[in-house]
2 protein chains.
Amino acid sequence: MARKIGESEARTAPATSRPRDRIVATARDLFYRHGVKSVGVETIAESAGTNKMTLYRHFDTKDDLIAECVQQAMVEGFAELDQLTARHAGDPMGELRAWIEHATCQIVSEPRGCAMANAAVELAEEDHPVRRIIEDGKKRFREYLVELCQRAGLSRPDLAADTLMLLHEGARISRQSEGVQGSSERFKSAAEGVIASFSERHDKP
Amino acid sequence: MARKIGESEARTAPATSRPRDRIVATARDLFYRHGVKSVGVETIAESAGTNKMTLYRHFDTKDDLIAECVQQAMVEGFAELDQLTARHAGDPMGELRAWIEHATCQIVSEPRGCAMANAAVELAEEDHPVRRIIEDGKKRFREYLVELCQRAGLSRPDLAADTLMLLHEGARISRQSEGVQGSSERFKSAAEGVIASFSERHDKP
DNA sequence: TCAGGGTGTTACCGGTCAGTCACATCTGGA
DNA sequence: TCCAGATGTGACTGACCGGTAACACCCTGA
């Protein structure tokens, strides 16, 4: 390890907020950038401008903190989807295109892909409590996409949604083994191709 | 951690082979199942029926061992692709369909997805030497797919290959946050849809 | 027979980790 | 003003980690 994690890293939460909030915000940032296994609780506490004891007064174990971080990431993600839905009320196809744009930007701006998927990779134990949260999140996200494809009038909305979701997941994981450009552009092109393909009328003779 | 890693786990390499081979085979298995950060060198050595000192006579550092494991996984993967090519000489569309079948089986049989992608997630440091190996592997694999789509006469082979590759990556990472069935079947359906879509003649009026 | 390289064994080092303890300090509300 | 709960501090535990040292052993090939 060239440099110690947390050393002279940018503060992620203002010192005015409450310790618990700062801890979670800092943990989310450090967990995302370095991985949940590579970041110690002491590093998190100090980067959050507090100490280990206070951290353990709010979370029984490190796993509990990880769970809270994953939960928050999920809530934020769905809030963004809700905004998409609200902004394109009555225009499902517009919402679908907006989601593709949103997802493309996400791939560009998030160098390490999906925080939840990464956590699932690191927490390999099958019965790890965090995995449950992640599974629920992915399932709920799929439901959103299926329903959106239905509303947008795509043929075979299930298949269209699954295709889009796999493309999205694939692009976010590939982002880590390729450049930014590759993944985001390839995702966008592929997703637009899928929309086009499932929008075509297949009921002609 | 409920049970210690390596405790009463099935031996992965026969005791007759050379220590180095046993070490790599055991490491690949344990790294894959538990993650590279969660498995210690001592555990690997003992599970391989040898000891830490012998391990360090063959590999300077743990990272070197990880690199060797990733390299081997890559070599094996491309050997399988070579077999596909050989078995379907002169029938590129057959090879493409065989690859989909091969990938689907892989998703079913490999519960933790792609060993290389997982390693990239765990080894977050941008300049980690193992990442280079992985990037090369993914790049080479994309080249294989592009070339195969070309030979199979798909329209826009680049886009088709990217779509298939993202689907594949996505299914392998989703496999860890969903059941087996979901990921594999969804990948297969989506991939077949892509082939159908890119096989259609778009040059009609 | 002997030499030498590969291997096994044990103990050890310095460091890090998650989690705890006792005690001091601060702050906001009654 | 005073009290209680939240927070800060530093030291500590026991376990694990990657990596090393020293020495004994065994097999092969000359």
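In this predicted model, the residues of the surface near DNA strand C divide into five nonpolar, five polar and five charged. Of the 15 residues around DNA strand C, those that come nearest are A:Gly40, A:Thr61, A:Lys62, B:Thr50 and B:Met53, and the elements that each supply at least two residues of this surface are helix H2 (41-47) and H3 of chain A together with H3 of chain B. Around DNA strand D there are likewise 15 residues, of which A:Thr50, A:Met53, B:Gly40, B:Thr61 and B:Lys62 come nearest; here two or more residues are given by helix H3 (52-58) of chain A and by helix H2 (41-47) and helix H3 (52-58) of chain B. The surface near DNA strand D divides into five nonpolar, five polar and five charged residues. The table sets out the two surfaces.

A:Ala45 is buried, because 22 other C-beta atoms lie within 10 Å.

A rotation of 180° with 0.0 Å of shift along its axis superposes chain B on chain A, with an RMSD of 0.0 Å, and that is the relation of a two-fold axis. The C-alpha of chain B nearest the axis is that of B:Gly170, which lies 1.8 Å from it.

The contact between the chains takes 35 residues from chain A and 35 residues from chain B. On the side of chain B that touches chain A, at least two residues each come from helix H1 (19-34), helix H6 (115-122), helix H7 (129-151), helix H8 (157-174) and helix H9 (180-199), with H8(B) giving the largest share, eleven residues. This side of chain B divides into twelve nonpolar, 13 polar and ten charged residues. Since 100% of the interface residues of chain B are also interface residues in chain A, the copies meet through the same surface.

Helix H7 (residues 129-151) of chain A has 23 residues, which at 1.5 Å a residue should span 33 Å, and its end C-alpha atoms are 34 Å apart, which agrees. Its buried residues are A:Val130, A:Ile133, A:Ile134, A:Gly137, A:Lys138, A:Leu145, A:Leu148 and A:Cys149. They pack against helix H4 (62-87), helix H5 (92-109), helix H6 (115-122) and helix H8 (157-174) of chain A, together with H8 of chain B. Just after H7(A), A:Gly153 takes a positive phi of about 75°.

The largest nonpolar core holds 61 residues, of which A:Ile66, A:Val70, A:Met116, A:Ala119, B:Val70, B:Met116 and B:Ala119 touch the most other members. Leaving aside neighbours within four places in sequence, A:Val70 is in contact with A:Met116, A:Ala119, A:Val130, A:Ile133 and A:Ile134. A second, separate core of 46 residues includes A:Ile107, A:Leu164, A:Met165 and B:Leu154.

Notes:
Residues numbered from 1 in each chain as written. Chains lettered and ligands numbered in written order. Predicted model: local features only at pLDDT ≥ 70, side-chain atom pairs only at ≥ 80, totals over all residues. Contact = placed C-beta atoms within 7 Å. Helix = DSSP H or I, 4+ residues; strand = E, 2+ residues; numbered from the N terminus. Nonpolar A, V, L, I, M, F, W, Y, C, P; charged D, E, K, R; others polar. Near = placed C-beta within 6 Å. Expected span 1.5 Å × (residues − 1). Buried ≥ 20, exposed ≤ 12 C-beta atoms within 10 Å, placed from the backbone. Least-squares fit on C-alpha atoms with pLDDT ≥ 70 in both. Core = buried A, V, L, I, M, F, W, Y, C linked by C-beta atoms within 7 Å.
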